[in-house]
Amino acid sequence: MTTLELRNISKSYGSVRAVNDVSLSVPAGCHTAIVGPSGSGKTTLLRLIAGFEAPDAGSLLLSGAPLADGNGTFVPAHKRQVGYLPQDGALFPHLSVAANIAFGIAHEPADVRERRVQELAEMVVLDRAMLARYPHELSGGQQQRVGIARALAQRPKLILLDEPFSALDTGLRAATRKATTELLDAAGVTALLVTHDQAEALSFSDQIAVMRDGRIAQSGPPVDLYLRPRDPITATFLGDAIILAAQLSGDGWSTSVLGSLPVDDSTRLGPASIMLRPEQVTMVGGSAADCSAQGHVLDLEFIGHSCVVTVDVAGTRVQVRCAVGGAPKVGARVSLAVNGPAHVLS
Ligand SMILES: Nc1ncnc2c1ncn2[C@@H]1O[C@H](COP(=O)(O)OP(=O)(O)OP(=O)(O)O)[C@@H](O)[C@H]1O
Ligand SMILES: [Mg+2]
């Protein structure tokens, strides 16, 4: 089992600090998702771990052994036992799908290689008939799945996946993600996955690291980050959030347009921003005495499984969700009830 340790890693390209003083510990067998806006340094971080870039400062250890440090240690990529699926897939165009998958296990006997290719193709839901094709004869999603199979072929200790499921449609994406997660779990592979998909980050990982401007803004278990993000940007990155100006009374309560609400901080006092997830708020028609606030509907947006309802509560816009069948009309008076404490942002 493999533990990856990043200690104060930095990497600049000219004047751009792509990765800035990043420290992260990835325990053996852990699945870590790296999320963050475009240009925040996610790919650069993976390339540093894979060995395609050397850090300007800081050290990188795998199972306690240094891969790169400030004292001249640099283990080249092919000696790291790290599987890497680059963001663009980058399959070898002159090799068949089977040969692409088997690229890293060329030294194995032919029958072992063939069995492994079949097993991996099945895992990533690739039809056997495709093994004889060439990359240009596959769709973008199929090429991505070949890339995942290739990265896993050598049974790496650590695998780095840069947006591996981005070209797949929703159903196939969920199926491939589940199959990949199960295979990584069964083999005890430590994994880092870069994704732009909130649901993917929350469901794939044991740990999420949110990157911003080359730094890790926050890291921790998915539930902690979802319920207790440090700031509004991280809060909205991981899902819809209702962020309100509030007064904290120092005893675990707050006052805001949604009335008097319990909060998860019983020490802070004075003005603060508080956050609720939309699923904490329920809406009923008319004026209900047991609700903490009333307002009227400004707008309705149908998003498939539910409706997003924008409610004007004393001049503040609050977005809540409701079942499509039970959506109120624009202009209707509604009452809002809050379940569970609000989170105090720092
Ligand atoms: N080889 C390079 N030369 C110069 N600048 C680079 C190089 N690679 C990355 N950068 C810059 O470093 C920063 C981080 O880039 P990186 O590719 O790591 O971002 P990212 O988070 O993966 O973004 P995306 O979500 O768009 O893939 C960007 O400003 C980028 O332009
Ligand atoms: Mg990238």
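## Rings, a metal site and a pocket

Arg80 lies over the face of Phe74, 5.0 Å from the ring centre. Behind that wording is a simple test: NZ of Lys or CZ of Arg has to be within 6 Å of the ring centre and within 35 degrees of the ring normal. Arg277 does likewise with Tyr226, its charged end sitting over the ring at 4.1 Å from the centre.

Some housekeeping before going on. This is a predicted model, where local features need pLDDT of at least 70 and side-chain atom pairs count only at pLDDT 80 or more, while totals for chains, interfaces and linings use all residues. Residues are numbered from 1 along each chain as its sequence is written, chains are lettered from A and ligands numbered from 1 in the order in which they are written, and side-chain values use heavy atoms, with hydrogens and water left out.

**The metal site**

What holds the magnesium ion (ligand 2)? Thr43, through OG1, and Gln87, through OE1, coordinate the ion at 2.0 to 2.3 Å. Donors here are N, O and S atoms within 2.8 Å of the metal (3.2 Å for Na, K and Ca), and with water not among the atoms, sites may look incomplete. Helices (H or I, at least four residues) and strands (E, at least two) are DSSP runs, numbered from the N terminus.

H1 itself is largely enclosed by the rest of the structure, because seven of its nine residues are buried. Those are Lys42, Thr44, Leu45, Leu46, Leu48, Ile49 and Ala50. Just after H1 comes Gly51, with a positive phi of about 100°.

**Aromatic pairs and the pocket**

How many aromatic pairs does the structure hold? There are two. Rings of Phe, Tyr and Trp (its six-membered ring) pair if their centres lie within 6.5 Å; planes under 30 degrees apart count as stacked, over 60 as edge-to-face and the rest as tilted.

| Aromatic pair | Centre to centre | Angle between planes | Class |
|---|---|---|---|
| Phe52 and Tyr84 | 5.4 Å | 40° | tilted |
| Phe92 and Phe103 | 4.4 Å | 40° | tilted |

Phe52 sits in the loop between H1 and strand E4 (57-62) and Tyr84 in strand E6, so this pair ties together parts that are 32 residues apart in sequence. Phe52 is partly exposed at 42%, whereas Tyr84 is buried at 16%. The other pair links Phe92, in the loop between E6 and H2, with Phe103, in the loop between H2 and helix H3 (110-123), eleven residues apart. Phe92 is partly exposed at 26%, and so is Phe103 at 47%.

Phe52 and Tyr84 turn up again at the largest pocket: along with Val82, Gly83 and Gln154, they lie nearest its centre among 17 lining residues. The pocket has a volume of about 560 Å³. On a 1 Å grid over the protein atoms alone, a pocket is an open set of points where a 1.4 Å probe fits, with protein on both sides within 12 Å along at least five of seven lines, and lining residues have an atom within 4 Å of a point. The volume is the space filled by probe spheres set on the points, which are joined across faces, edges and corners.

Which elements supply at least two residues each to that lining? E6 and helix H4 (140-152) do, and E6 gives the most, with three residues. The lining divides into eleven nonpolar residues, five polar and one charged. In this scheme Ala, Val, Leu, Ile, Met, Phe, Trp, Tyr, Cys and Pro count as nonpolar, Asp, Glu, Lys and Arg as charged, and the others, Gly among them, as polar.

**Backbone notes**

Most residues other than glycine have a negative phi. Asn8, in strand E1 (residues 4-13), has a positive phi of about 50° and is partly exposed at 42%. Gln81, in the loop between E5 and E6, has a positive phi of about 55° and is partly exposed at 47%.

Finally, Gly64 lies in the loop between E4 and strand E5 (65-68) and is exposed at 57%. The C-alpha atoms of Gly64 and Leu4 are separated by 7.9 Å, with the two residues 60 apart along the chain.

Notes:
Buried means under 20% relative accessible area, exposed over 50%, partly exposed in between (1.4 Å probe, protein chains only).
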